Amino acid sequence: MSEFEVWSVLTSFLISNAIYTAAVFFMVWVAFRAANQVAAEGGNLVVKILVTLFAVGIIFNGLVVSGNFMLNLESTALSLQMIGTENPNALRFIAAYGGNGEPTFSLFSNPINVAWWVVVAVMMLSRIWLTKNDS
C-alpha cells in the first residue's frame with residue numbers, strides 16, 4: 001500500500017465518520033426533545049424508562065463513533081510507519097497518533113470526549129428523572 005492509498009483510506013473514513021457523527025447529533029437532539037416532553041407532561045414510569053434507554057443508546061453510539069475515530073487515526077499512523085514514509089506531514093501524523101503499539105478500540109479513548117458525553121447524559125437523565133420544583 002502506498003502513502004497516497006493510506007491517506008485516501010483515511011479520508012474516506014473521515015467522510016463516513018462525519019456523516020455518522022451528524023446522525024448521532026441529530027439523535028441527541030431527538031433524545032433531548034423526548035426528555036423535555038417527558039418532563040413537561042410528567043410521563044409515567046414506562047415512558048421514562050423507554051426514553052432513558054433511548055438516550056443511553058445514543059450516548060453509547062456517540063462513544064462508539066469517538067472510539068472508531070481514534071482507532072482509525074492510530075491505524076493510519078501505524079500504516080504510515082510500516083511503509084516507512086519520509087514525508088514530514090506523515091511523520092508529524094505518526095508522532096501525534098502512533099508509537100503506542102497495536103491500535104485497539106476503546107469507548108473511552110478520548111477523555112475529553114467521554115467527559116462531554118457524561119455531561120450530555122446527566123443533562124438528559126436529570127431532565128427525565130428529577131422532579132420539577134414549582135416554588
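The buried residues of helix H3 pack against H1 and H2. Here, buried means under 20% relative accessible area, exposed means over 50%, and partly exposed lies in between, with a 1.4 Å probe and protein chains only. Helices are DSSP runs of H or I with at least four residues, numbered from the N terminus. The structure is a predicted model, in which local features need pLDDT of at least 70 and side-chain atom pairs count only at pLDDT 80 or more, while totals for chains, interfaces and linings use all residues. Residues are numbered from 1 along each chain as its sequence is written, and side-chain values use heavy atoms, with hydrogens and water left out.

Helix H3 spans residues 88-97, and Ala 90, Phe 93 and Ile 94 are buried in it. These residues lie on the same side of H3 because they cover an arc of only 100 degrees around the axis; the arc is that of the directions from the helix axis to the C-beta atoms. An α-helix has 3.6 residues a turn, so residues three or four places apart point the same way. On the face of H3 turned away from the buried side are the exposed residues Pro 88, Arg 92, Ala 95 and Ala 96.

Phe 93 counts as buried because its relative accessibility is 13%. Contact means heavy atoms within 4.5 Å. Not counting residues up to four places away in sequence, Phe 93 touches Trp 7, Leu 10, Leu 73, Thr 76, Ala 77, Leu 80 and Gly 98. Ile 94 also counts as buried, with a relative accessibility of 13%.

The N-terminal end of H3 is capped by Asn 87, whose side-chain oxygen lies 2.9 Å from the backbone nitrogen of Asn 89.

**Two buried charged residues**

Glu 3 belongs to helix H1. Although Glu 3 is buried, it has no salt bridge, and the nearest side chain of opposite charge, Arg 92, is 10 Å away. A salt bridge is a side-chain nitrogen of Lys or Arg within 4 Å of a carboxyl oxygen of Asp or Glu. Lys and Arg count as positive and Asp and Glu as negative, while His and the chain ends are not counted.

Glu 3 does have polar partners. Its side chain makes a polar contact of 2.6 Å with the side chain of Thr 85, and another polar contact, of 2.7 Å, joins the side chains of Glu 3 and Asn 87. A polar contact is a pair of N or O atoms within 3.5 Å; within protein, one must be able to donate a hydrogen and the other to accept it, and residues adjacent in sequence count only if both atoms are side-chain atoms. With residues up to four places away in sequence not counted, Glu 3 touches Leu 80, Ile 83, Thr 85, Asn 87 and Ala 90.

Lys 48 is found in helix H2. Lys 48 is buried yet has no salt bridge, and Glu 41, the nearest side chain of opposite charge, is 12 Å away. Leaving aside neighbours within four places in sequence, Lys 48 is in contact with Val 38, Gly 43, Ile 128 and Trp 129.

**The nonpolar cores**

A nonpolar core is a set of buried Ala, Val, Leu, Ile, Met, Phe, Trp, Tyr and Cys residues joined through side-chain atoms within 4.5 Å. The largest one has 13 residues, and those with the most contacts inside it are Val 24, Val 28, Trp 117 and Met 124. Helix H1 (3-41), helix H2 (45-83) and helix H4 (111-129) are the elements that give two or more residues to this core. Apart from it lies another core of 10 residues, among them Val 6, Met 70, Leu 73 and Leu 80.

When neighbours within four places in sequence are left aside, Val 24 is in contact with Ile 58, Asn 61, Gly 62, Val 65 and Trp 117.

**Sequence and space**

Ala 18, in helix H1, counts as partly exposed because its relative accessibility is 45%. Arg 33, also in helix H1, counts as exposed because its relative accessibility is 52%. The table sets separations along the chain beside C-alpha distances.

| Pair | Apart in sequence | C-alpha distance |
|---|---|---|
| Ala 18 and Val 65 | 47 residues | 9.2 Å |
| Arg 33 and Met 124 | 91 residues | 9.5 Å |
| Phe 93 and Ser 106 | 13 residues | 20 Å |
| Ile 94 and Lys 48 | 46 residues | 46 Å |
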